[in-house]
Amino acid sequence: MQKKIPWYEITPEETYQNRRDFLKSAALASLSLSSLSQASESNLDYLPATQSNLPGALAADELTPFEHVTGYNNFYEFGANKQDPIKNAHRLTLSPWKVDVGGLIDRPAVYDVDELIKGLGLEERIYRLRCVEAWSMVIPWVGVPLSAVLDRLGVQGSAKYVRFETLYRPSEMPGQKTLFSGIDYPYIEGLRIDEAMHPLTILAVGLYGKDLLGQNGAPLRLVVPWKYGFKSIKSIVKIELTEEKPLTTWAKSAPHEYGFYANVNPKVSHPRWSQARERRLPGGVFSPNIIDTQMFNGYADQVASLYSGMNLRTNY
Amino acid sequence: MGKLFVIATLIIPFGYLVVNTFLQAWGADPAKAIVHRSGEITLWLLILVFLATPMQRILRLGYLVKFRRQVGVAMFVYGVIHLMLYLTAYLGWDIDALAKDFIERPYIVVGGVGLLLAMPLALTSNSWSVKWMGPRWKALHRLVYGIAPLAVLHVAMQVKVDFTESIIYGVLCALLFVLRSQKLQKRLSLIIN
C-alpha cells in the first residue's frame with residue numbers, strides 16, 4: 001500500500017522560504033553564475049515517485065535545504081573541500097552509464113543504469129544522513145530498494161557480501177589526481193548481504209524529486225541511513241556479490257579509525273570526532289544546532305536486530 | 001602612523017569573520033567554516049612573525065621587525081578567538097565535551113599547548129617587558145620555535161584525505177627554520193643586495 005504524495009506537498013513552507021532567501025543572499029554575495037545554475041532545481045527532470053510507508057522510511061525531521069544538500073558534499077573524487085564537488089561535478093559524463101554487475105549472481109552482465117532499475121517503482125525516502133565528521137542532514141531521496149534490484153539479478157546462496165565500486169575517471173574527477181591522497185581510488189564500499197537486503201537500504205537516483213546531481217553521486221548511489229555517510233557510496237559502476245568481506249576504502253586507509261560496519265553509534269567515538277552529538281545542518285555560528293546522536297542514527301527499531309549478539313565496540 | 005596602519009591591517013581579518021557571520025555567508029556548516037578560517041588566520045600570522053627577522057636581514061627591510069610584536073600579539077588574539085569559536089560553535093560550551101575532546105583527541109591537546117606557549121610571549125610583547133627582562137626576553141621568545149611546529153602538527157593531524165595543504169605548511173615551516181641560519185642570511189643578503 002503506497003500513497004501518492006509528491007515531495008513538494010510535505011516540504012515545510014519555511015524550507016522553501018529559506019531557499020528563496022538563500023538565492024537572494026547568494027546573488028548578493030555575487031556567487032558565480034555557474035554555481036547558481038548548479039544549485040537551481042528548475043533544469044532537472046522531475047521523477048515520479050511514491051512515498052514509502054515502510055516504518056522509518058519518512059523521517060519527521062525538518063529537511064535540509066536543497067542548496068546545502070547539493071552544495072556541501074564529501075565526494076573526494078571532486079576535491080577535498082566540501083565546496084569542491086559542486087564546482088567540479090558538472091564535468092562528469094553521466095550518459096551513457098554502465099554498471100558492471102557480477103560475482104555470485106545468476107544474471108551477471110554490464111547493465112545500463114536505467115536497465116538496472118527499470119520497472120521497479122521509484123520511492124521517496126526521507127532519511128537522516130549522519131557524517132562521521134559529526135554533522136548531519138535530512139534528505140528526501142528518490143530510489144529503489146537495493147533488495148529489489150538484487151532479487152531480480154538472482155543472488156546465489158553462497159553470497160555473503162555486496163561490494164560496490166565508484167567510477168575511476170581522473171580526467172573528469174580531479175580529486176583522483178591528488179598527489180598526497182590519504183585514500184586509494186577507485187573508492188570501494190561494501191555491505192553484509194542482510195544489510196544489503198534490508199528494506200531501508202536503497203539505490204538512489206534522485207533527491208528532492210529530481211535527478212541526482214554529480215556531487216550527490218549521480219546517476220546511481222547507495223543510501224544506508226543507519227550507517228555513517230561514507231558507507232553510502234556514490235556514482236556506482238560496479239556491484240559484485242562475494243563470499244569474502246570486501247576491503248573497503250576507509251577501512252584500508254585507516255583501520256583503527258574506520259571499520260567495515262560503520263554503524264552510527266554515539267557510544268563509540270572516532271579518534272578525531274566525538275560521535276555523541278552532531279551538528280544538524282544548516283546551523284549558525286552562535287546557534288550551531290547541536291543535537292544528540294541516536295543509536296543507529298534513529299533506525300534502531302528497524303535494524304538493531306541485524307547486529308544482535310555482536311560487540312559493536314570492536315565491530316565499529 | 002606606521003604602527004596605527006599595522007594595527008588597522010591586523011584587524012581586517014577580524015572584520016572579515018564578523019561580516020561573514022553577520023551575512024550568514026559561511027554556507028551549510030558555519031561552525032566548521034569559521035573555526036577553520038580563524039585557525040588559518042592564526043597560522044598565517046605565525047608564519048609572518050617567523051618571517052620578520054630573516055626578511056629584515058636578507059632584504060634589509062628594517063621596518064618588518066619593528067612591527068613583529070604587534071603581529072605576534074595579533075596571532076595570539078586570533079588563536080584565542082579560534083579557541084572561543086571552537087568552544088562556542090563545536091562544543092556549545094559543554095565542558096564535559098571539552099574534557100572528553102582533550103583526553104581523546106590529541107590534535108586538540110597539540111593546539112592547546114601551542115596556544116598556551118604563545119601566551120607568555122603575547123604578555124611580554126611590550127617595550128616595558130623588553131627592558132625589564134633584558135637578555136631573558138630573547139630567550140623566552142625563542143618559544144616561537146616550538147609553537148610553529150605544533151601549529152603545523154595541529155593541522156596535519158586533522159587531515160582525512162588530502163595532505164597537500166599540510167605538506168605546504170610543513171615545508172614552509174621547515175624553510176623558515178632554515179632561514180634562521182645567520183650564515184645563510186648573510187649569503188642571501190649579499191646575493192640579493
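Predicted model: local features only at pLDDT ≥ 70, side-chain atom pairs only at ≥ 80, totals over all residues.
User: Which residues make the contact?

Analyst: From α9(B) come B:Ala148, B:Pro149, B:Val152, B:Val155 and B:Ala156. From α10(B) come B:Ser166, B:Tyr169, B:Gly170, B:Cys173 and B:Leu176. By class, 8 are nonpolar, 2 polar and no residue is charged.

User: How do you know that the length of helix α2 (residues 30-59) of chain B agrees with its residue count?

Analyst: At 1.5 Å a residue, its 30 residues should span 44 Å. The end C-alpha atoms are 40 Å apart, which agrees.

User: Where does α2(B) kink?

Analyst: The kink is at B:Ala52, shortly before the proline B:Pro54. Its angle is about 35 degrees. Just after α2(B), B:Arg60 has a positive phi of about 55 degrees.

User: What makes up the secondary structure of chain B?

Analyst: Chain B has 11 helices and 0 strands.

User: Why is chain B called as compact as a globular protein of that length?

Analyst: For 193 residues the globule rule gives 16 Å. The radius of gyration is 18 Å, close to that value, so the description holds. Along its principal axes, the C-alpha trace of chain B spans about 50 × 35 × 35 Å.

Note on methods. Residues numbered from 1 in each chain as written. Chains lettered and ligands numbered in written order. Contact = placed C-beta atoms within 7 Å. Helix = DSSP H or I, 4+ residues; strand = E, 2+ residues; numbered from the N terminus. Nonpolar A, V, L, I, M, F, W, Y, C, P; charged D, E, K, R; others polar. Expected span 1.5 Å × (residues − 1). Bend = angle between axes of the 7 residues up to and from the residue. Rg over C-alpha atoms; globule rule 2.2 N^0.38 Å.
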